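Here is a short briefing on one predicted model.

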Amino acid sequence: MRKGMLALVGLALAGALGWWWQGRLAKPLTPEVVAARLAVPVAAPTGPVAVYHLGHSLVGRDMPALLAQMAGHDHASQLGWGSSLKDHWTGTVAGFDTENAHADHRPAAEALDSGDYPVVVLTEMVEIRDAIRYHDSARHLALWAARARNARPDVRLYLYETWHRTDDPEGWLERIDRDGARYWQGDLLAGAMAQGGVGDIYVIPGGPVMAAAVRAIEAGEVPGLTSRDDLFARDEKGAVDTIHFNDVGAYLMALTHYAVIYQRSPEGLPQDLSHADGSQITGLSEDTAQALQRIVWDTVFRYGLTGMSNG
């Protein structure tokens, strides 16, 4: 029933914005224009701000909960299994009932239309090339962004740049290094930000932070961690999941969201936090947490495209 209602809401708004569905999108911005627009600093929040997360398992229940504990803010989300922004728009979200069976779920259309969230974080599916080719990513990023901005003109919008599988034959680090400019910014942001009613969409650089952390870990610079596998989940047989983070990885991504949204260093934040279900996260000593906090701030501060001043 809930999925059907989402589909009806999405289709109704799609009808109202029918010109987008007929292929008449504005020409994508150039990389220079995207960079220039996102290089303009925006005011940092003066206190906790409610955050809405739209995405899939690289968001998950726990990462937003960790972020909320760090910042003291309210949050809500809509999740799915590998779901694209198009899936969320049309209401065809795999695993909808399972992934949203928790107290912090709020249907995406209702949440954005309410204007209750000063910050909205949008997450595209990966493989990102498949999302662009088969799921019309820039169009649906624009649709969600315009919807949020229509309800709340001052909303701060973010695209959460994630990553692909660690066993990618092209190289995991190599792809993170080049995919940002080529796909996340060159396709998604350049296409979406060119459309009317969208405005600026900043970046939460999850993939680049993951890459920086892995390089530091494998250089022996993070106490308690020895391999990239230490950031990823394991199954009941001990096999490493090649894409989904464990508690350490979730903590790392929560730090990244905190640094970008609040425009302040996460150094000094606690590591004794709880999952969404109230149980304690594991695998983080104080020394490990401090090293990850420094990596996050160094990466985010130098990244650009986040709306924060690095002057």
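Axes are lines fitted to C-alpha atoms, for helices over the stretch in contact, and angles run from 0 to 180 degrees between N-to-C directions. Helices (H or I, at least four residues) and strands (E, at least two) are DSSP runs, numbered from the N terminus. This is a predicted model: local features need pLDDT of at least 70, side-chain atom pairs count only at pLDDT 80 or more, and totals for chains, interfaces and linings use all residues. Residues are numbered from 1 along each chain as its sequence is written, and side-chain values use heavy atoms, with hydrogens and water left out.

**Helix pair H10 and H11**
- H10 (residues 172–192) packs against H11 (residues 206–218) at about 140°, with the axes 9 Å apart.
- The two helices are therefore oblique to each other (under 35 degrees is roughly parallel, over 145 roughly antiparallel, 65 to 115 roughly perpendicular, the rest oblique).

**Tyrosine 117**
- Tyrosine 117 sits in the loop between helix H7 (108–114) and strand E3 (119–122).
- Tyrosine 117 counts as buried because its relative accessibility is 11% (buried is under 20% relative accessible area, exposed over 50%, partly exposed in between; 1.4 Å probe, protein chains only).
- In sequence, tyrosine 117 and aspartate 136 are 19 residues apart; in space, they are 25 Å apart, C-alpha to C-alpha.

**Histidine 140**
- Helix H9 (residues 137–151) holds histidine 140.
- Histidine 140 has 0% relative accessibility, so it counts as buried.
- A polar atom of the histidine 140 side chain lies 2.9 Å from the backbone oxygen of aspartate 136.

Definitions and conventions. Polar contact = N/O pair within 3.5 Å; in protein donor to acceptor, adjacent residues only side chain to side chain.
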